[in-house]
Amino acid sequence: MSSRLRMEVLPGFQEDLDALPDLRTRKMTIDLIVAIRDGTVRGVPLDDRVATGDLRDCFKLYFDPIGNVKPRFRLVYRFASDGITVVAVQAVAVGRRQGLDAYLRAARRLDRLPE
């Protein structure tokens, strides 16, 4: 993937970003999205889970600006296509790992909460 990809955020993502605990964590989130767009970082594909809904078109990336052994935050993103090629990286949700927070936000935004 090339750096020609657009960066997009789904409605609600900015509120997630603003709710992160400090400027360093917010900056790391943005830096990760840029790295994903540029192809230097890639997360792990998600799947369809009972607890979090169908997020098979999304990826997760764990991170923590203070370098904890177990990162405290999770970024959920996906690639948008024009039907032929990938044209954008979409930031779907970001939040704490605890309680599946970011996954549930992503499922809600994509209207995929489990029934």
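Colleague: Start with Asp101. Buried or exposed, or in between?

Modeller: Asp101 is partly exposed, at a relative accessible area of 22%. Buried is under 20%, exposed is over 50% and partly exposed lies in between, using a 1.4 Å probe and protein chains only. This is a predicted model, where local features need pLDDT of at least 70 and side-chain atom pairs pLDDT 80 or more, while totals for chains, interfaces and linings use all residues. Residues are numbered from 1 along each chain as its sequence is written, and side-chain values use heavy atoms, leaving out hydrogens and water.

Colleague: Which side chain does Asp101 meet in a salt bridge?

Modeller: Arg105, at 3.0 Å from N to O. A salt bridge here is a side-chain nitrogen of Lys or Arg within 4 Å of a carboxyl oxygen of Asp or Glu. Arg105 is partly exposed too, with 24% relative accessible area.

Colleague: How are Arg105 and Asp101 placed in helix 3?

Modeller: They are 4 residues apart in helix 3 (residues 101-109), so about one helical turn separates them. Helices are DSSP runs of H or I, at least four residues, numbered from the N terminus.

Colleague: Which residues are in the salt-bridge network?

Modeller: Asp16, Asp101, Arg105 and Arg109 are linked in it.

Colleague: Other topic. What does Asp31 pair with?

Modeller: Lys27, with the closest N and O atoms 2.8 Å apart. Asp31 is partly exposed at 40%, and Lys27 is partly exposed at 48%.

Colleague: And how many salt bridges in the whole structure?

Modeller: The search finds 11.

Conventions
Helices (H or I, at least four residues) and strands (E, at least two) are DSSP runs, numbered from the N terminus.
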